[in-house]
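This report describes one protein chain for a reader who is new to structural analysis. Please look at the sequence and the model before reading on.

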Amino acid sequence: QVQLVESGGGLVQAGGSLRLSCAASGRTLRSFAMGWFRQAPGKEREFVATISRGGYTTYYSDPVKGRFSMSRDNTKNTVYLQMNSLKPEDTAVYYCAADQRSDYTSIPIYSKDYDYWGQGTQVTVSS
(Lines give C-alpha, C1' and ligand atoms only; values in the text may rest on other atoms or scores of the structure.)
Protein backbone atom coordinates (compact mmCIF):
# COMPACT_ATOMS: atom_id res chain seq x y z
CA GLN A 1 0.00 0.00 0.00
CA VAL A 2 1.02 3.55 -0.63
CA GLN A 3 -0.64 6.71 0.62
CA LEU A 4 -0.55 9.83 -1.51
CA VAL A 5 -1.14 13.35 -0.23
CA GLU A 6 -1.38 16.32 -2.56
CA SER A 7 -0.66 19.90 -1.54
CA GLY A 8 0.00 23.26 -3.10
CA GLY A 9 -3.39 24.05 -4.53
CA GLY A 10 -5.10 27.38 -4.06
CA LEU A 11 -6.54 30.45 -5.72
CA VAL A 12 -4.48 32.23 -8.34
CA GLN A 13 -5.14 34.81 -11.03
CA ALA A 14 -4.98 33.91 -14.68
CA GLY A 15 -1.40 33.95 -15.90
CA GLY A 16 -0.06 32.97 -12.49
CA SER A 17 1.73 29.86 -11.32
CA LEU A 18 1.35 27.12 -8.76
CA ARG A 19 3.42 24.09 -7.86
CA LEU A 20 1.58 21.02 -6.67
CA SER A 21 3.31 18.37 -4.60
CA CYS A 22 2.36 14.76 -4.04
CA ALA A 23 4.06 13.10 -1.09
CA ALA A 24 3.99 9.35 -0.70
CA SER A 25 4.27 7.15 2.34
CA GLY A 26 4.17 3.44 2.87
CA ARG A 27 6.34 2.50 -0.08
CA THR A 28 9.08 4.06 -2.13
CA LEU A 29 7.89 5.88 -5.23
CA ARG A 30 10.78 4.37 -7.21
CA SER A 31 8.47 1.44 -7.89
CA PHE A 32 5.75 3.54 -9.49
CA ALA A 33 5.05 5.50 -12.60
CA MET A 34 3.18 8.59 -11.45
CA GLY A 35 0.45 10.68 -12.94
CA TRP A 36 -1.59 13.80 -12.39
CA PHE A 37 -5.26 13.98 -13.29
CA ARG A 38 -7.86 16.66 -12.77
CA GLN A 39 -11.61 16.91 -12.50
CA ALA A 40 -13.57 20.08 -13.05
CA PRO A 41 -17.14 20.50 -11.76
CA GLY A 42 -19.57 18.59 -13.93
CA LYS A 43 -16.82 17.02 -16.03
CA GLU A 44 -15.09 13.69 -16.25
CA ARG A 45 -11.70 13.23 -14.66
CA GLU A 46 -9.02 13.84 -17.27
CA PHE A 47 -5.37 13.01 -17.68
CA VAL A 48 -2.90 15.87 -17.18
CA ALA A 49 0.64 14.49 -17.00
CA THR A 50 2.67 11.37 -16.32
CA ILE A 51 6.28 10.55 -15.51
CA SER A 52 8.11 7.26 -15.77
CA ARG A 53 9.57 5.44 -12.79
CA GLY A 54 13.05 6.66 -13.57
CA GLY A 55 11.88 10.19 -14.25
CA TYR A 56 13.41 10.32 -17.72
CA THR A 57 10.17 10.36 -19.67
CA THR A 58 7.15 12.62 -19.30
CA TYR A 59 4.00 13.09 -21.29
CA TYR A 60 1.35 15.81 -21.14
CA SER A 61 -2.16 16.32 -22.34
CA ASP A 62 -2.56 18.83 -25.15
CA PRO A 63 -4.34 21.50 -23.03
CA VAL A 64 -1.37 21.77 -20.63
CA LYS A 65 1.55 21.01 -22.93
CA GLY A 66 4.12 23.77 -22.79
CA ARG A 67 2.66 25.25 -19.60
CA PHE A 68 2.88 22.40 -17.06
CA SER A 69 5.94 20.42 -16.06
CA MET A 70 6.00 17.24 -14.03
CA SER A 71 9.01 16.06 -12.07
CA ARG A 72 9.89 13.64 -9.33
CA ASP A 73 12.36 13.43 -6.50
CA ASN A 74 12.61 9.80 -5.51
CA THR A 75 14.88 10.67 -2.59
CA LYS A 76 12.01 12.71 -1.11
CA ASN A 77 9.34 10.29 -2.27
CA THR A 78 7.55 13.20 -3.89
CA VAL A 79 6.34 14.20 -7.33
CA TYR A 80 5.59 17.73 -8.48
CA LEU A 81 3.48 19.52 -11.03
CA GLN A 82 4.69 22.99 -11.91
CA MET A 83 1.83 24.91 -13.49
CA ASN A 84 2.58 28.15 -15.31
CA SER A 85 0.45 30.53 -17.38
CA LEU A 86 -2.63 29.26 -15.63
CA LYS A 87 -6.01 29.74 -17.28
CA PRO A 88 -9.52 29.73 -15.80
CA GLU A 89 -10.15 26.44 -17.60
CA ASP A 90 -7.41 24.86 -15.47
CA THR A 91 -9.73 25.18 -12.46
CA ALA A 92 -10.27 21.68 -11.06
CA VAL A 93 -9.43 19.29 -8.29
CA TYR A 94 -6.02 17.83 -9.07
CA TYR A 95 -5.19 14.26 -8.13
CA CYS A 96 -1.92 12.40 -8.16
CA ALA A 97 -1.86 8.69 -8.80
CA ALA A 98 0.61 5.80 -8.70
CA ASP A 99 0.88 2.88 -11.11
CA GLN A 100 2.66 -0.11 -9.59
CA ARG A 101 2.46 -2.31 -12.67
CA SER A 102 4.48 -0.15 -15.04
CA ASP A 103 7.95 -0.96 -16.22
CA TYR A 104 10.86 1.46 -15.93
CA THR A 105 9.97 3.55 -18.97
CA SER A 106 6.19 3.39 -19.14
CA ILE A 107 4.15 6.57 -19.13
CA PRO A 108 0.56 5.50 -18.44
CA ILE A 109 -2.13 7.97 -19.45
CA TYR A 110 -5.36 6.18 -18.53
CA SER A 111 -6.87 6.34 -15.06
CA LYS A 112 -7.52 2.60 -15.14
CA ASP A 113 -3.76 2.04 -15.23
CA TYR A 114 -3.33 3.55 -11.78
CA ASP A 115 -3.62 1.67 -8.53
CA TYR A 116 -3.42 4.37 -5.87
CA TRP A 117 -4.91 7.86 -5.70
CA GLY A 118 -4.62 10.86 -3.46
CA GLN A 119 -7.53 12.85 -2.09
CA GLY A 120 -6.94 15.79 -4.39
CA THR A 121 -6.13 19.47 -4.05
CA GLN A 122 -8.29 22.31 -5.36
CA VAL A 123 -6.87 24.70 -7.93
CA THR A 124 -8.94 27.75 -8.77
CA VAL A 125 -7.87 30.21 -11.45
CA SER A 126 -9.70 33.51 -11.55
CA SER A 127 -10.04 35.59 -14.70
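Which residues form one aromatic cluster? The cluster consists of F37, F47, Y59, Y114 and W117.

## Basis of the model

This is a predicted model, in which local features need pLDDT of at least 70 and side-chain atom pairs count only at pLDDT 80 or more, while totals for chains, interfaces and linings use all residues. Residues are numbered from 1 along each chain as its sequence is written, and side-chain values use heavy atoms, with hydrogens and water left out.

## Aromatic pairs

The structure contains six aromatic pairs. Rings of Phe, Tyr and Trp (its six-membered ring) pair if their centres lie within 6.5 Å; planes under 30 degrees apart count as stacked, over 60 as edge-to-face and the rest as tilted. The ring centres of F37 and Y114 are 5.3 Å apart and the planes meet at 80°, so this pair is edge-to-face.

F37 belongs to strand β4 (residues 33-39), whereas Y114 lies in the loop between β9 (92-99) and β10 (116-117), so the pair ties together parts that are 77 residues apart in sequence. Both F37 and Y114 are buried, that is, under 20% relative accessible area with a 1.4 Å probe, protein chains only.

## The chain as a whole

The chain has 11 strands and zero helices. Strands (E, at least two residues) and helices (H or I, at least four) are DSSP runs, numbered from the N terminus. Of the 127 residues of the chain, 45% count as buried. Along its principal axes, the C-alpha trace spans about 40 × 25 × 25 Å.

How values were computed
Buried < 20%, exposed > 50% of the residue type's maximum accessible area, 1.4 Å probe, protein only.
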